[in-house]
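Visitor: I would like a close look at a single part of this model, and after that a careful walk through whatever else can be described.

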Amino acid sequence: MARLIIVSNRLPVSLHAKPDGTYALKQSIGGLATAIGPYHKSHNDCLWVGWSSIDPETRTKVEIDKIRDEFARRRCVPIFLTQREIDGYYAGYSNDTLWPLFHDFAHEAKFDSSTWKIYQEVNQKFADTVAQLVNPDDTVWIQDYHLLLLPAMLRANFPKLKIGWFLHIPFPSPEIFRQLPNGKDLLEGLMGADLLGFHTEDFCVNFLASVRALIGIEVDKDGRIPVGNGASQRFVTVDAFPIGIDYGLYRRNAHSSLAQAMRHGIEAVSGKRTRRVSTSLTAESQAAAEASDQEENWWSAHTGDELPEVELAQSAAAKRGTEDNKVVVSVDRLDYTKGLPERLRAFDLMLSRYPEWVGHVTYYLLATPTREDVETYRKLKDQVDQLVGEINGKYSLLSWEPIHYITRSLPIKPVCGIYTAGDVALVTPLRDGMNLVAKEYLAARDGRDGALVLSDECGAARELTDAFIVNPYDTEAVCEALHSALEISSSEAKRRNAAMQARLKYRTAGLWSAEFLSTLRQVSDPRMADRRLQSAQRDHLVREWGQSKHKLVLCDYDGTLTQIVRTPGRAKPTHRLLDLLREVGSIPDVDLYLVSGRTRETMNEWFGCLPIGLIAEHGAWHTKPIAGETAKNADGRTITPKRYWRRADGLPDPDEWRPIIETIMNKSVSRVPQSFIEYKSTDLAWHYRMSDQKLALEQRERLVDELNKVCPQYGLTVMRNAKVIEVCPANVSKGEAVKPLLGSGRYDFVLALGDDTTDETMFTAVSGCAPAKDQDDVLGAFEADNAGAAKVGVAQSSATVGTTMSESDAAKPAKKPAEPEVAWTIKVGAGETNAHSRIATPTDTARLLGYLVAESEAVAAGTALDDKPQTKPRNKNKKASKAKTPTKMKASTKVKAAAKAKSASKATSK
Ligand code: GDG
């Protein structure tokens, strides 16, 4: 069986020696372990290869064997590195050369040919370890900048292996990247992979520009780099996969009693809970004032006005009550890329520019030590220590100090306690691939207020566009944003957060790994690699969805929402799928239609109770969306509301043609064991999915030939679908069936999804329902909209959805549509298609629908997804960015209220 082998610098668990001489493994905390850890844990066929962090030179062979066994029990394969290898590969080339350079700190980067040599050797050591355990049909997923050469090293020995690689840090611009003496070797190392993933489109663009500059290869319209020539040509796909967090984990931990206790403690110390601080502030202010008036006191040499103590204490005491006291928090590894000194200067400026905050805002600064043996990091720690000392010395009062500085690692619950206590989170890295802290803060404050001040230099700023986005180098801007964040009203903060939280809740770490692995499978299959729905296109689709007023979703069932199974009756929808369809159908401005070849009886039985429309037997029957009531009767059984089915007009009389076609098909049934006929009211279908495929395919050609001779005279047509040949009225097709909907003029957004040839008519109808926009215009708009997608040559067609024009309308000059009018057609699986994009499996369909549900929730909660962060003009910021139009109603309330109204209107329109 094909397995997944994850390869990263470190393993997700670390080993601890116990006093009795045995070993225990502890789960590591951190982005990678939480993102891929659950997949690794829940899949028995998944292995993880990485550095054990154990020096083999300090252990006996017996000990090493014991350690290997211990790791093996957790499906981990340890790699042992000597001190020389650690110095050269890890501390040297990875952390002294690549880390600074990739974070735009070229001046910190060291170029040393000896560390480069060891980096190559250690990459080879990883390759040798993987080679010993990999099977040719396995999938290998390599992580990060430590292993840039590994893909090509593996590819050399395993031409068919599926290899993916993901970069957790930024990819620099080509101007910076080309400073690396071995840049070309690194890029060629990556060219061994099938899929290269980055956090954002910008990093993809940078990477592709470097490939163009250093290797001279261009990317094609599907985001693929061709490598090699002739028969040995392969493609390397490049795309963005923004990593998420385990949202539920942070939300749960934030509610733990330990986190709550931490929160209460922080609030007490910050004077939010008791009057202790407030009382002492008043006393201190009075004491300072009195002291300045007294003779013989050294203070008496000054007037009260000159004494900073008096001013500080008085202004601190002047602010009424403790309810206005605020807590600012931040959680970082003590790394120079995280921008701690710059942030502290901004905090200092805020206290001096807005002294009313003195005594009333407390900054909890958790700076976890990292790479302490490296000189640059030691210097950074000294600098941060000094700045914290200076600020505390400058502003502290006897009962209050501005910064609580913690320089050790804390368990996750206290970290969540800090998040929950923080009225404002200051997340201002100078450069960061994603930054998980910003997302964790929002998860910990799920459903609550709290303001996020976020650097525009991190990947998270592309998604968290309702944060106060700042240039982290701009001290003034950070100061002003912090001040505005402290002043923001609770309702406004909640509104901003709700939209971001709705998206984060869906775009989790689990979704990230599922999305990457499914893309890797798709791009490794040459039948499905063209027209792939790239992440920029998907984001574009999601944005259009969020911005449109009335949406129509046309979705096939078998092969599109569920896998094709051997027995059609077994393709019954799961509860999970039904819940998803119910969710989509319940969105107030969405009409979802399942468009299937199934009988209306089956459609009724399986989907009748959902708030969606149904089109059965390829369009011969249809029923409108109804109110989705799932009331139970006295026996506890779900009551399915009555549906009104309508038959398409002008269909040939089945009594005339059915006996003839049945006779022809019966011959195939007798020749191909386990094939059978399905009887539908307007249609006959010969199924052969359970039969011997070779025999069935031969018979299929004979059957089609014979049917083609007879069908036209009865007004019938023959369709080849997934393992089925169907005969149905020639004037019936999914395309014809959806035309009235497309022509209704009601929808400004249409999405059609399907997997087989019957769905092609639907794609044609959707794409061709209106002449609309010029393809170039659309592409141009898209390019302007999303530079990343443009660079990888994305083409997404769009068409106006059928507005029926009256004669008088036709006489008028054409008006520019007021709303975006967009049509998306997506093929699921392999095969020729007219659809604009392709996804691989029904799981991808479900994931895409999930994105849409989350976006509708986000829009209802606040603002529509915007791909441009609200970056303020640099050096000019006097006021931090404000959010867009506020929405008064709570997200969930609004969605629910509107869904209720929708149900009511559907119910009455029946
Ligand atoms: C790299 C990229 C990208 C920190 N201190 C403690 C603690 N943490 C946790 C945080 C968060 C994680 O460490 C830090 O994640 P970041 O994303 O902020 O940064 P990096 O470590 O640099 O990670 C980054 C990431 O990879 C994933 O792709 O986002 O851009 O540089 O989870 O909570 N956790 C605990 N105690 C601490 O003291 N428990």
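How are α21 and α30 oriented to each other?

Guide: This is a predicted model, and the description that follows should be read with that in mind. Two packed helices are described by the angle between their axes and the distance between the axes. Helix α21, which covers residues 575–586, packs against helix α30, residues 842–861, at an angle of about 40°, and the two axes lie 10 Å apart. An angle of 65 to 115 degrees would count as roughly perpendicular and one under 35 degrees as roughly parallel; α21 and α30 are therefore oblique to each other. As for the hand of this packing, α21 passes α30 in a left-handed crossing. On the α21 side the residues that meet the partner helix are Leu580, Glu583 and Val584, while α30 contributes Ala846, Leu849, Gly850, Val853 and Glu857. Sorted by class, the residues of the contact of α21 with α30 comprise 5 nonpolar, 1 polar and 2 charged.

The crossing of α9 and α16 is right-handed. From α9, the contact draws on Tyr247, Tyr250, Arg251 and Ala254, and from α16 on Glu440, Leu442, Ala443 and Ala444. The contact of α9 with α16 contains 6 nonpolar and 2 charged residues, and no polar ones.

A polar backbone atom of Leu436 is 2.8 Å from an oxygen atom of the ligand. For His168, a polar side-chain atom lies 2.7 Å from a ligand oxygen atom, and for Lys338 a polar side-chain atom lies 3.0 Å from an oxygen atom of the ligand.

By class, the contact of α3 with α4 divides into 8 nonpolar, 5 polar and 5 charged residues.

Ile217 sits in the loop between α8 (201–214) and β9 (224–227). Not counting residues up to four places away in sequence, Ile217 touches Val211, Arg212, Ile225 and Pro226. The C-alpha atoms of Ile217 and Val227, which are 10 residues apart along the chain, are separated by 8.3 Å.

Definitions and conventions. Residues are numbered from 1 along each chain as its sequence is written. This is a predicted model: local features need pLDDT of at least 70, side-chain atom pairs count only at pLDDT 80 or more; totals for chains, interfaces and linings use all residues. Side-chain values use heavy atoms; hydrogens and water are left out. Axes are lines fitted to C-alpha atoms, for helices over the stretch in contact, and angles run from 0 to 180 degrees between N-to-C directions. Helices (H or I, at least four residues) and strands (E, at least two) are DSSP runs, numbered from the N terminus. Angles under 35 degrees count as roughly parallel, over 145 as roughly antiparallel, 65 to 115 as roughly perpendicular and the rest as oblique. A crossing is left-handed if the near helix is turned anticlockwise from the far one by less than a right angle, and right-handed if clockwise. Contact means heavy atoms within 4.5 Å. Ala, Val, Leu, Ile, Met, Phe, Trp, Tyr, Cys and Pro count as nonpolar, Asp, Glu, Lys and Arg as charged, and the others, Gly among them, as polar. A polar contact is a pair of N or O atoms within 3.5 Å; within protein, one must be able to donate a hydrogen and the other to accept it, and residues adjacent in sequence count only if both atoms are side-chain atoms.
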